[in-house]
Amino acid sequence: MRTNKENYLQEFIRYVTLNVLGMIGISCYILADTFFIAQGLGSDGLTALNLIIPVYNLMHGCGLMLGMGGASRYSMLKGQGKSEKGNIVFTHTVVTALVFAVFYMAAGGFFAEKISLLLGADEAVFGMCTTYLRTMLLFSPMFLLNDVFVCFVRNDGNPQLSMTAMLVSSLSNIVFDYIFIFIFGWGMFGAVFATGSSPVIGLCILSSHYFRKKNKFHFVKTGVEGKVLGCIFGGGLSSLIGEMSSGIVILVFNMIMLKLQGNTGVAAYGVIANLSLVMIAIYTGIGQGIQPLISRYYGMKQQDKIKKMFRYGLVTVGILSVLIYVGVFLQAEWIVGVFNSEADSMLQTIAEKGLKLYFTGGIFAGFNIVLAIYFMASDRIKPANLLSALRGFILIIPLAFLMAEIWKMTGLWMTFPVTEFLTAVIGVFLFLKNRSRN
């Protein structure tokens, strides 16, 4: 007969493994573009893509905010036996996602050129930036709805289907990238069209859950309820800030890098930024894996199970962080070479050093992400949002300018690990404070 500990661990492994694989799949949307654009369009293409990534982060962050906030509230209500209220939350979440999509589509249709200039695009990359930005934002309904349904399907007890949707859509992105860029010769438009097509495939797969008998969430007739929207936004705000933090870091680093090393420096940082998205996706997958479990146990008032899931999450972060950094440190030259299609020696040197310094912050970033999701899933919204804000913009922006001014490139690369370390220290204090209150 299995012990309770074995059952908890098995449930943790199932949810976390599936979500980590799925989040890696999502991060491959941009990583696949990075590889194929590097091969097909060279360093200018890499520069253009890196300038656009913050907008993708913002859009994806809004999707995660609605998905995580709505789905975690839905899971809590389901654990309390309040299915009808859970359906109201689901309906509000989907409608809000569509409202957000209208604004993104309008921005892409009417302001793509102005946004490209604001992001720092010069004459060499302006056309590619505008093309990517406009097309990506026109696909915003698909991106946002895909994020929402991935979270709800996972919280409805079907993490396997969520993972399948994310992995299959990402694989299709890779295949489409090759076809559209190299066979059809569509260049930057081909890259973004491949990326925009991926969530369409993901939604088709996820829709199978909605029409199954096991599905527990449905659309219901309801008016706009401010309290429900507040719960969705409040519960998911840390996810938005967490995702935006990657975009804000990229935006600030691009500005500083343009002054220090020009377009080549931005291209080199683009390699690191996109690889770091995969690392952050792994940590986010761990956090999103424990989120449905913690939310459910919180609704059932089972504190001992919440503690077990959180502990398992931290141990997993520690093990994976060591493995990731060892791999990056030993294979930095090869990793950069994969994206350096023009064999640019300056790009190679900058990116190799940056990888080894930047990725030292991985273990602290993983801890902060899991801790923020733990706070959010157990209905402690303020500390979750504070942690995400600290690492997203409160600490990292001033530190980036200060450290780059004093130590130039080395200071810029160390901004990320220093920020994550300081946030982790504050996170430990908040955790101990909340534990003593409980």
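Reader: How many cavities of 30 Å³ or more does the structure hold?

Author: Rolling a probe the size of a water molecule over the atoms shows where empty space is left. On a 1 Å grid over the protein atoms alone, a cavity is a set of points where a 1.4 Å probe fits but cannot get out, whereas a pocket is an open set with protein on both sides within 12 Å along at least five of seven lines, and lining residues have an atom within 4 Å of a point. Points are joined across faces, edges and corners, and a volume is the space filled by probe spheres set on them. In this structure there are 5 cavities of 30 Å³ or more. Please keep in mind that this is a predicted model, in which local features need pLDDT of at least 70 and side-chain atom pairs count only at pLDDT 80 or more, while totals for chains, interfaces and linings use all residues. Residues are numbered from 1 along each chain as its sequence is written, and side-chain values use heavy atoms, with hydrogens and water left out.

Reader: How much space lies in the largest cavity, and which residues that line the largest cavity are the closest to its centre?

Author: The largest cavity holds about 300 Å³ of space, and 24 residues line it, with Leu64, Gly242, Glu243, Ile280 and Thr284 closest to its centre. Two or more lining residues come from each of helix 1, helix 7, helix 11 (362-377) and helix 12 (381-394), where helices (H or I, at least four residues) are DSSP runs numbered from the N terminus. Helix 7 supplies the largest share of this lining, 10 residues.

Reader: How do the residues of the lining of the largest cavity divide?

Author: They divide into 12 nonpolar, 10 polar and 2 charged, counting Ala, Val, Leu, Ile, Met, Phe, Trp, Tyr, Cys and Pro as nonpolar, Asp, Glu, Lys and Arg as charged, and the others, Gly among them, as polar.

Reader: What volume has the second largest cavity?

Author: The second largest cavity has a volume of about 120 Å³, and its lining of 13 residues has Ser245, Ser246, Val249, Tyr358 and Phe416 closest to the centre. Helix 7 gives the most to this lining, with 8 residues.

Reader: Which residues lie nearest the centre of the largest pocket?

Author: Arg73, Leu77, Lys85, Lys227 and Cys231 lie nearest the centre, among the 13 residues that line the largest pocket. Helix 1 (4-79), helix 2 (83-118) and helix 7 (226-299) each give two or more residues to that lining, and the space in the pocket is about 280 Å³. Its lining has 7 nonpolar, 1 polar and 5 charged residues.

Reader: Which residues in helix 9 are buried?

Author: An α-helix has 3.6 residues a turn, so residues three or four places apart point the same way. In helix 9 (residues 332-339), Ala332, Ile335, Val336 and Phe339 are buried, that is, under 20% relative accessible area, where exposed means over 50% and partly exposed in between (1.4 Å probe, protein chains only). These residues lie on the same side of helix 9, because they cover an arc of only 90° around the axis, taken from the directions from the helix axis to the C-beta atoms. The exposed residues Glu333 and Trp334 are on the face turned away from the buried side.
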